[in-house]
Amino acid sequence: MDLTEKSRRVPEKILLGPGPTPVEGRILRAMAEPTLGHLDRDFVAIMDETRDLLRMVFQTGNDLTVAMSGTGSAGMETACVNMIERGDKAIICSHGVFGSRMQDVAGRCGAEVVEVNAPMGRPIDPGDVERAVKANPDAKFLGIVHAETSTGVLQPLDEIANLAHMAGMFMIVDAVTSLGGMEVPVDRLGLDMVYSGSQKCLGCPPGLAPVTVGPRAVEHIKGRKTKVQSWYLDLTMIMRYWGQERFYHHTAPVNMIYGLNEGLRVIAEEGLEARFARHRKNAESLWAGLEALGLELLVEPAYRLPSLTSVRMPVGVDEAVVRGRLMEEYSIEVGSGLGDLKGKIIRIGLMGSGSSRKNVVLLLSALGAVLSGEGFANDVGAAIEEALAVIDG
Ligand SMILES: *Cc1c(COP(=O)(O)O)cnc(C)c1O
């Protein structure tokens, strides 16, 4: 075994899947800064700034805005375990794998889960939510995924948030694949509990779950009759560490916070509007190029995510072979289908710095070449022309 430092070489790969996404060098360099104590004043200053920057991307003034130690799923657990008490009723929507995961997590927290489901590739129908809300006026929560990464569906939230709030329910929203890539209007829609993950549109390595909690939800958590079941994810204690008190709870992953801080600075520098427009433009360009290759997209245009696109594989083409060749021949990672869509689609992510003209052209060229190698004739030149016409047009 060669244990010298230089024996560990991690090759560069182009991450165009559902996450993690490409991490800019300046973020990785920030993470290599000296580790400080988690109560050190120089570190605490970085935490405070990170929280302000998180409020910017969440488009909120919420006092309770923190980065939980863990991946996006820890954000989901944080939302459920803090809001729900055993026996509470929760309406949880699922239009894909992550909505189903939220139903599972809410159930494990002791909720009586009322499911509202939609087929994979479609958004949740607000009419179905309305019926569930009417039939379950005693439900306390409405949980939903904003950007369903397993399908590439963007879930419109306005109408559903309104239905939930009219019925006095708290809105719990999964913004893992939307935060940093498109609007997540926490304050405008009064979303009560919203969580995300560092490795999608925020463009950082995996390991942190940004969470923001509205004032009404904070009161709800403080007024719980029972202790939060998870000691580690208990916001009533974590808010005392991120707040002025600096109460010791667990050791913050210090260098991860440096990385998130730098990633959020990158976003602030670009500006939210410009960043959202870039994600949208490059996605539209990719869609035009994929269709020009002769491929079919899973989701209809009105509900497509700018950050993730699901593409049906043509009959007779093995998607695992396509993904394998993209990796072996071009070092490009894309995602496979999950659940019912396994074997039927590939998922292409254009998130954070990965959302670029360069990557659109690269992906279309490589995918076109691989597909013709697999017997699916296509015109790469025409696809690139169509794609560039969208970007430049
Ligand atoms: C990725 C993802 C998660 C889970 O995040 P992990 O970082 O993998 O734990 C949850 N919800 C959605 C919508 C996601 O895309």
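Before reading off any pairing, I note the rule: two strands pair if DSSP finds at least two bridges between them. Helices (H or I, at least four residues) and strands (E, at least two) are DSSP runs, numbered from the N terminus.

Housekeeping: this is a predicted model, so I keep in mind that local features need pLDDT of at least 70 and side-chain atom pairs count only at pLDDT 80 or more, while totals for chains, interfaces and linings use all residues. Residues are numbered from 1 along each chain as its sequence is written, and side-chain values use heavy atoms, with hydrogens and water left out.

**Entry 1, the sheet.** I looked up the strand order and got S2-S10-S9-S8-S5-S3-S4, an open sheet of seven strands with mixed pairing. S2 (64-69) and S4 (112-117) stand at the edges with a single partner strand each, so one side of each has no neighbour in the sheet.

**Entry 2, around S8.** How many bridges join S8 to S9? I count three, and the two strands run parallel. Asp174 has Tyr195 in S9 as its bridge partner.

**Entry 3, S9 and S10.** Here the sense is antiparallel: three bridges join S9 (residues 193-195) to S10 (residues 208-213). I find Met193 bridged to Val213 of S10.

I get two aromatic pairs in the structure (ring centres of Phe, Tyr or Trp, the latter by its six-membered ring, within 6.5 Å; planes under 30 degrees apart are stacked, over 60 edge-to-face, the rest tilted). Phe43 and Tyr258 have ring centres 6.2 Å apart and planes at 65 degrees, so I log that pair as edge-to-face. Phe43 sits in H2 (residues 41-58) and Tyr258 in H10 (residues 254-270), so the pair ties together parts 215 residues apart in sequence. Both Phe43 and Tyr258 are buried.

My criterion is NZ of Lys or CZ of Arg within 6 Å of the ring centre and within 35 degrees of the ring normal. Arg240 has its charged end over the Phe247 ring, 3.8 Å from the centre. Arg304 does likewise over Trp287, at 5.1 Å from the ring centre.

Definitions and conventions. Buried means under 20% relative accessible area, exposed over 50%, partly exposed in between (1.4 Å probe, protein chains only).
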